Amino acid sequence: MDHVESRELRYFIAVAEELHFGRAADALHIAQPALSKTIQRLEAHLGVKLLERTSRSVALTPAGQALLEHGRHAISALAFATSQAQQAGAREHLRLVIKPGGDAHLLSDILAAYAQRADARPVDIFFGGPTDRTDYLHDGRADLALLYAPFDDLTGLAHQTLRTEGRVAVLPAYHPLADRPAVRLSDLEGEVFSRWSGVETDTGPGPEVADAAQLFPLVAIGRAIAVLPASLVIPPPAGIVCVPVEDAEPSEIVIAHSARDHSAAVGSFMEAATSRTRP
């Protein structure tokens with residue numbers, strides 16, 4: 001297939017995601033006529049129709065669906081390649097993204113182990129949200145991440161397990177189950193669970209939270225409960241009790257990086273992390 005410019009591909013993806021030329025033009029900060037002409041040139045260049053247009057709607061053709069799916073990967077790969085080139089030119093710092101409070105108390109030991117290595121570099125710490133830390137690795141904003149499996153999608157990532165742990169029910173101190181030595185998931189049926197921002201499957205009636213700092217006050221006053229990896233909530237804050245959930249799937253804290261990143265610096269950090277912490 002003939003060469004397609006990255007600008008044309010980005011413009012097409014914007015229209016395909018919005019299914020509206022006006023909104024896509026606003027998002028791209030360009031005039032709508034210029035966007036329309038670019039899409040027309042792209043269709044002419046490829047020799048296929050990408051969009052079905054009417055006066056009221058825009059829809060993807062099968063060719064458009066295919067270009068959207070694979071075009072997203074191409075843009076992500078381009079961003080990653082650019083980031084890697086920039087890093088190769090400087091190679092001064094490693095960038096690690098974590099969830100606030102989501103290092104399972106391992107980070108200090110990992111950093112200490114890495115600092116002892118002859119090839120150690122400064123490590124910058126970034127904080128991501130409930131669902132976007134893998135994005136940091138895919139688009140090159142971070143070199144490494146501490147993630148929780150199975151909650152984080154590890155597709156396209158190389159990773160090593162640092163610790164496996166159980167999950168606990170996070171309950172208000174006065175909850176009827178708070179004095180139990182353990183509970184089962186069936187014991188929690190009918191409870192109101194918190195919803196995590198950005199998680200499409202969280203559609204229940206519970207309040208939406210972005211992190212544990214927002215969750216804990218709601219649990220303490222009885223507005224919601226949660227089931228979390230133990231390290232995210234132990235020791236629990238005042239007014240909250242953690243009860244082990246016997247039949248909940250264990251979680252794994254993993255150190256991960258893009259499977260495309262084979263740099264010696266990242267490999268050195270992975271070795272330091274896994275030498276200091278064992279599953």
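The legends below describe close-up views of a predicted model.

**View 1. An open sheet of three strands, with antiparallel pairing.** The strands of this sheet follow the order β10-β7-β11. Its edges are formed by β10, spanning 226–229, and by β11, spanning 240–244, each of which pairs on one side only. From one strand to the next, the twist averages 35°.

**View 2. The pairing of β7 with β10, and the helix that lies across the sheet strands.** Strand β7, made of residues 167–172, runs antiparallel to β10 and is joined to β10 by four bridges. Within this pairing, Ala-169 has Val-227 of β10 as its bridge partner. Helix α7, which covers residues 212–220, lies across β7, β10 and β11, and runs at about 50° to β7.

**View 3. The largest nonpolar core, with 22 residues.** The members that touch the most other members are Leu-94, Leu-96, Leu-144, Leu-162, Ile-255 and Phe-269. At least two residues of this core come from each of β3 (94–98), α5 (107–115), β5 (144–149), β12 (251–258) and α8 (264–276), and α8 gives the most, with six residues.

**View 4. The surroundings of Ile-255.** When its neighbours within four places in sequence are left aside, Ile-255 is in contact with Leu-96, Leu-144, Ala-145, Leu-146, Ala-158, His-159, Gln-160 and Leu-162, and also with Phe-269, Met-270, Ala-273 and Thr-274.

**View 5. A second, separate core.** This core has 19 residues, among them Ala-24, Leu-42, Leu-50 and Leu-68.

Note on methods:
Residues are numbered from 1 along each chain as its sequence is written. This is a predicted model: local features need pLDDT of at least 70, side-chain atom pairs count only at pLDDT 80 or more; totals for chains, interfaces and linings use all residues. Side-chain values use heavy atoms; hydrogens and water are left out. Two strands pair if DSSP finds at least two bridges between them. Axes are lines fitted to C-alpha atoms, for helices over the stretch in contact, and angles run from 0 to 180 degrees between N-to-C directions. Contact means heavy atoms within 4.5 Å. A nonpolar core is a set of buried Ala, Val, Leu, Ile, Met, Phe, Trp, Tyr and Cys residues joined through side-chain atoms within 4.5 Å. Buried means under 20% relative accessible area, exposed over 50%, partly exposed in between (1.4 Å probe, protein chains only).
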